[in-house]
Amino acid sequence: MKVLKFGGSSVASAERIKNIISIIKPRVDSGENLTIVFSAFGGVTDMLIEMSELASQGKDKYLALYHQFKDRHATAARELLTETKYHELSVAMDENHDTLKDLLKGIYLVREASPRTMDYVLSFGERNANVIIAEAMKEHGINAGYLDARKVIRTNKDFGNAKVNFKLTNAAIKGHYESCGGQIQIVTGFIGSDIGGLTTTLGRGGSDYTAAILAGALESEVLEIWTDVDGVLTSDPRKVKQAFTIPRLSYAEAMEMSHFGAKVIYPPTIQPALSKGIPIYIKNTFNPSFEGTLIDKDHDTGFRSPIKGISSLANLSLLRLQGSGMMGVPGVSGRLFAALGRDKINVILITQASSEHSICLAVSDKESKKAVSAIAEEFEKEIEDGLIESVKAENDLCVVAVVGEQMRNVPGIAGRLFEGLGKNGINVIAIAQGSSELNISFVISKNDEAKALNAIHDSFFLSDTKRIHVFIVGVGLIGGTLLSQMESQKETLRTQNGIELKVCGLANTKTMVFDESGIELSRWRDLLQNSETPSSFDQFADKMIDMNLANTIFLDVTADATLPSVYEKILGSSISIATPNKTAASSAYTNYLRLKELAQKNNVQFLFETNVGAGLPVISTLRNLMHSGDSILSIEAVLSGSVSFIFNSFDGSKPFSQLVEQAAVLGYTEPDPREDLSGADVKRKITILAREAGYVTEISDVVLDPILPDSCMAAPDVPAFFDELRAQNGYFDKLRQDAALQGKVLRFIARVSEGRVACGLEAVGPESPFYQLAGSDNMIVFTTHRYRQRPLVVRGPGAGAEVTAAGLFAEIISAGN
């Protein structure tokens, strides 16, 4: 004998029922002896609950739902049966529906739906479905018989969650099967009856339980639970897209996973099979050839990870009973759980401090108030005497459980687990672990549920592949180039480096777009152009934070002075930041320090390497020098690619104004070249370097010797500026000639030395490293205790979309690791 069970989603329509028949018939024809349990059609149980609630509230809208219920079953029967058989069955179904209608009318009149009445109402879903399916199987040549489980499953009168009397039930099942003549039994799930014949229901997972009860009584060869997923997955696929099927679980592992929210199976389902050692297969109705998951007494020692799965249970409250009056006092725990037991409150997790000063327990949010009242009443005197504090409840929480029998053989599992949570800014409120080491459970905020599941799943199951979620504001020249680089490198990163980049949010000045599964980078321009979501820095940050994805980095690829105002909120949400925008790092020193401290506190990174020298390793080199114990004596630097190009080319062959015009045409300068030639950008960069070198420096402390005469800076617009600049060609040529007479060239150099930060135009000779600069190169010279005789020089392109984008790309990888 093999017992099979099909859930509501598997029988949601006539088409799906035909699919089940196509699965069953070949097995029956091959001689398999089957018993098949079916749930109500998908959604029908909820419909029955809703119509009962409406009737109990005196709302006649229940009648519309009743007619929907009636029509749905009639439609299914019409599509599955011949016309003759349909009309025969309609007579019995109409009588059944009339009974339900009268029952609902009674609820409507008395304005009450008792648990006893509700069990009877709900039974109509399973009874209707199984009668129709049994007849449909007969139509396809299957010798099937309908069995109302109320005839064989005997329970007590705990309506809504009745307890099975296995002695009576097993005897009734065996007796029925001795007289059923070899028919394939089609059995109603979920329902039973008490000794007097009153209809009862078996509670959560009731149809699975029905199948397990039958399997146990018949000492079945196997129990098959057919669902709409490919077996038991490593985590909830709705929250963890990378979840995959677990080939094999032990009974103990399955029980633990189901207790903490794995919805494919339920603890009562396993118990009757476990007691008889019956293997359980979890299969997919819509992918019947897939092997699914086997659950039996042995665990899979060859599984790829020491943990088997990650389950979660949300909408919980954590209650704390604590006080000095608990320490060393016997019986406190007994009184606590007895009080909760009297009010039938289910405790999901328990943890107690070794000092005996406190006990924490998790209960459903719905039972939180009742639990607090029960505990307060039990310990009223101790609370009044100040020996125990008033019960504290923390709501909107979630329990996550990591399960696997192999954990007991592998050291460091807990360390790896909590390190991954910490890196993603997930605070653990309470922890519980049994001595069997089968399960590590912990309590976190409900808002962090999906983030925690993904972080743990990536750590244990995708350890060879690290996912980085990227959000970018600013997709102009640099941002667009970065996206192209990411698109071209994504396959190499995945196959050779084990890194999977997912761009989950993009924004320009007009619109923004989000996709948790990753924006298709070949279409990002079209997606932004067609987006109807207007761009907003604050809303972009809020959406990114609300998505709460593990291993996230935010990129500000703008020059906007207001965008850094959201950095605190982002870092405070445990999201790293990388940016070429110099506003934040060169703002008030207290703000710069605050952002760095926030990043450290939340275990993320605030990265701004591209603030200075584009893609050159300037800031990282400076940090490495200091972290290794070296002392910075001075920093000398040419930090503007545009200004560097102008003065590196200023050899007298062209007037100064013409070189500035050429730099503008080549795109080296801003549209108004004064933004470059004013020295303001260099002031910001040298301020950042001075701070990274340990100086408490404000940008106003930087002494600037300006390049341009006041008349050029005062010009009303760009054309007027160039006119005035041409008038000053003689001034600049004289500066060049004076330098040349000394064998020197002009360079705009920023310096940090002996507490002074300054920048200005200088004439340097061949002994200076800046003498040989060419093109638009930047050069940064570090003189330190270790590099005193021959300073450390970093030189290369200090501007350009490709190198800046490459610098940002490197920071993405750095933050993700």
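D98 counts as partly exposed because its relative accessibility is 41%, where buried means under 20% relative accessible area, exposed over 50%, and partly exposed in between (1.4 Å probe, protein chains only). The residue is found in helix α4, residues 83-110; helices (H or I, at least four residues) and strands (E, at least two) are DSSP runs, numbered from the N terminus. The model is a predicted one, in which local features need pLDDT of at least 70, side-chain atom pairs count only at pLDDT 80 or more, and totals for chains, interfaces and linings use all residues. Residues are numbered from 1 along each chain as its sequence is written, and side-chain values use heavy atoms, with hydrogens and water left out.

D98 also belongs to a negative surface patch, together with D94, E95 and D102. Like charges are joined within 9 Å, and the place of a charge is CG for Asp and CD for Glu.

The protein as a whole has 28 helices and 29 strands. Its radius of gyration, taken over C-alpha atoms, is 36 Å, well over the 28 Å that the globule rule gives for 817 residues, so the protein is more spread out than a compact globule. That rule is 2.2 Å times the number of residues to the power 0.38. The C-alpha trace spans about 120 × 70 × 55 Å along its principal axes. Of the 817 residues, 53% are buried.

One of the buried residues is G480, at 4% relative accessibility. G480 lies in helix α15, residues 477-497. Between G480 and I142 there are 338 residues in sequence, and the C-alpha to C-alpha separation in space is 63 Å.

Two residues call for a look at the backbone. Most residues other than glycine have a negative phi. F190 is not a glycine, yet has a positive phi of about 80 degrees. F190 sits in the loop between β5 (184-188) and β6 (191-194), and counts as buried because its relative accessibility is 12%.

D396, also not a glycine, has a positive phi of about 55 degrees. Its place is in strand β15, residues 392-403. At 46% relative accessibility, D396 counts as partly exposed.

Key: Patches are made of residues with over 30% relative accessible area and no salt bridge: like charges are joined within 9 Å, nonpolar side chains (Val, Leu, Ile, Met, Phe, Trp, Tyr) within 5 Å. Accessible areas come from the Shrake-Rupley method with a 1.4 Å probe; for residues, only the protein chains shown count as cover. A salt bridge is a side-chain nitrogen of Lys or Arg within 4 Å of a carboxyl oxygen of Asp or Glu. Lys and Arg count as positive and Asp and Glu as negative; His and the chain ends are not counted.
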